[in-house]
Structures are given as C-alpha cells and as structure tokens.
Amino acid sequence: MSILFTRILGTGSYLPDQIRTNADLEKMVDTSDEWIIERTGISERRIAAPYETVTYMGAEAAKKALEAANISADEIDLVICATTTAEYAFPSAACEISGILGMTDTPAFDLAAACAGFSYGYALAHSMILSGACKKVLIVAADIMSHACDPTDRSTIILFGDGAAACVLGESEEEGTIAVHISADAKYGPLLNLAYPKRGVAVQDHLWLYMKGNEVFKHAVLVLSDLVSETLKKGNIDSSQLDYLVPHQANLRIITATARRLKLDMSHVIVTLDKQGNTSAPSVGLALDEGIRSGKIKRGDILLMESFGGGFTWGSALIRY
Ligand code: ACO
C-alpha cells in the first residue's frame, strides 16, 4: 500500500532557565530597551548554561515530543537534527540524541540550514515517509546562537537566544501535511554567515556570526512574501482558510509584513520572539509547540510554517494539524 499522507504525531521543546533581558544588554553594549523593542519586538531571550548543549537540549525536546506522540523511541525510523552550533562535527548531535533516547540501530544525522533548519527537517521527513523508507521520523532542531555572537556587537547580540524543538512526523491515512517547500540561494551567503573555527593553527581569532542586518531584513521580507503565497497556491488553500501563521521568529516587523501579505490579523499569528529572541533552527518548532501547548492550535487547524536564514535558505510547510 502506498503512503498517502504524513501528519504531526507530537511536538516538544526545551528552553534554558537563564534569561537575558534588554536591561541586561544595556549593561553589555550601547543599546536601549526602547530601541530593541521598537526595531525587533524582542524583550528577553534564553541563554544556555555550559551543560545545556545542542545535544542536551535537543534530547529533552525529543523526549517531550515522543511523550506527546505517545510512542517509544524504538518506533522511530530516522532522527534528523537541524543545527549549526553542535559541539562536535562527529558524532553528530542527532547520533548523540539517538543514543540518549536508547536507540541502537536508527539512522541519525545533522542538517545545516541555519534558521530554516526546522522547515528543511520537516520537508525531508515528509519525503522520507512518502517514499516508504520510514514510518515515523523524529525531527529535532536546536541551536546555541548566543555563544556565536560577539558580546560587544550590539547589532547581533541583542537578537539571538538558545533553545530546542522537536516534532514526530508519522505516516497517516488522513491528510496532515498539505504542501512543503525548501529553497536556497548562495549568492547572498556573504550577508549572513558563521565560520567554523580554523583547525591546525596555533593562534586563532574567534570567528563570530556576521550579519548585514538591514540587507538581510529586506530580502527576508521579499522572499517570505513570495514563499507564503506560493505555498498556499501549491496546497490550493486560500489565506482566509488559515487558522495560524507559525513564522520564523527573527524580527516582529518581518512577521507583521508577512501577516499583512496574507491579510491575516495578528491574533492568527504565533509570536514567541518577545520572550525567546531568534533561536535559529528551532525557532518555528518552538513557536509550533508553544501554540499547541497553550491551547491556541487545535487538531484540524490549518497552519502555515515558514522560515528564512543564512545561506540564504528558506522553507515552508502548510499543514492540517
Ligand atoms: N541598539 C541601538 N542602535 C543600534 C543597535 C542596537 N542594538 N543595533 C544597530 N543600531 C543602530 C545602527 O548602528 C544604525 O545606526 P546609524 O544609523 O547611526 O548607522 C541604526 O541603529 C540602524 O541600523 P540598521 O542595521 O539599519 O537597523 P535595522 O532597523 O535594520 O534593525 C536588525 C537591525 C534588527 C538586525 C534588522 O535589520 C533585522 O532584523 N534583520 C533581519 C534579521 C534576520 O531575519 N536574520 C535571518 C535569520 S538569522 C540566521 O539565519 C542565523
């Protein structure tokens, strides 16, 4: 029997305890609470402690997603971890997470798509299930972006926070995932990048995240505007049928521009960036889990998830939850 559909079986998330407020940032760099709120919409973000690695946070989020899906780890056929800030090149964070969950022969690998990581993981999991290769896929997304930013650079340190999200996608007889889309355009790589530390050299400068913020902003608004329209068209859904937009949480001005394009009132948009900042790969997954656990998103709701990040990379998923 060919597999017709995929749907979300459960979601989970993890946020570090430590909070960095705008008042904390006023003591670190030349900025103000007013500027950060007006230009980004962010009030506070979570900062990982040394033990809160990508693997640790990812595994905690994964345990909650498995619990929500009411399945055990041995039912998972593939583990994908979207991250660009894992501790090791290998073993991958996905391998480590599979080990923590007690898996011994489940394929696992990391996926690098910056802020579009969750959308990429979702699209890949969807395809793997539709191909018949897997029945259930665990998508984890986790990042520690706060450690990648120069603590003296006010243009980036104010934006990013840390966290992890997870989602179990499974085969289904009823429609869940309606349409997915992923894309990349390498010519914009120089506007937003994070280098690996150089190996084999005695002295090395720390290589911080670089972002030409206002240029990235303009592209993000344009790309996301096209992305949401094309995804709705692909799924044959009108924006008036959407229950929630679950957007990448980079900047409230980008989110409101996308909502305007969809003629969607902000009461139909899940916003978490005020409390979390931009967490990169897990951002959309964290918003999805927050929407579900807060009771806003209910089974049967039509959701549009979208994200945009370094590469440039971007992706979306239109689903019936
Ligand atoms: N506090 C006070 N002033 C600041 C701060 C700050 N924290 N940061 C910058 N400024 C100043 C600048 O120095 C500049 O001053 P000047 O006019 O005297 O030169 C002024 O504010 C305007 O700077 P812009 O960079 O033009 O500010 P902008 O309104 O564009 O906001 C921001 C900057 C918030 C970074 C915005 O451009 C943005 O959100 N960009 C998109 C981010 C994004 O979507 N990233 C993609 C995902 S990230 C990933 O993939 C890892």
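**A quick tour of the backbone and the ligand site**

Pro-91 sits in the loop between β4 (78-82) and α4 (93-100). Phe-90 and Pro-91 are joined by a cis peptide bond, with omega at about -5 degrees. Keep in mind that this is a predicted model.

- Most peptide bonds are trans, and most residues other than glycine have a negative phi.
- There's also a cis peptide bond between Gly-311 and Phe-312, with omega at about -15 degrees; Phe-312 lies in the loop between β12 and β13 (313-320).
- Asn-70 isn't a glycine, yet its phi is positive, near 60 degrees. You'll find Asn-70 in the loop between α3 (54-69) and β4, and it counts as exposed because its relative accessibility is 68%, with the cut-off being over 50%.
- Lys-263 has a positive phi too, about 55 degrees. Look for Lys-263 in the loop between α8 and α9 (273-276); at 76% relative accessibility, it counts as exposed.

**Around the ligand**

- The ligand is surrounded by 29 residues, and the closest are Thr-31, Arg-39, Cys-115, Asn-251 and Gly-310.
- That shell splits into 14 nonpolar, 11 polar and 4 charged residues.
- Domain 1 (5-173) and domain 2 (178-320) each give at least three residues to the shell, and α7 gives the most, with 4 residues.

**Polar side chains at the ligand**

- A polar side-chain atom of Arg-39 is 2.8 Å from a ligand oxygen atom, and one of Arg-253 is 3.1 Å from a ligand oxygen atom.
- For Trp-35, a polar side-chain atom lies 3.4 Å from a nitrogen atom of the ligand.
- On its own the ligand has 1000 Å² of accessible area, and the protein covers 74% of that.

Conventions. Residues numbered from 1 in each chain as written. Predicted model: local features only at pLDDT ≥ 70, side-chain atom pairs only at ≥ 80, totals over all residues. Heavy atoms only, no water. Near = heavy atom within 4 Å. Polar contact = N/O pair within 3.5 Å; in protein donor to acceptor, adjacent residues only side chain to side chain. Areas by Shrake-Rupley, 256 points an atom, 1.4 Å probe, with all protein chains shown as cover. Helix = DSSP H or I, 4+ residues; strand = E, 2+ residues; numbered from the N terminus. Nonpolar A, V, L, I, M, F, W, Y, C, P; charged D, E, K, R; others polar. Domains from an automatic or database assignment. Buried < 20%, exposed > 50% of the residue type's maximum accessible area, 1.4 Å probe, protein only.
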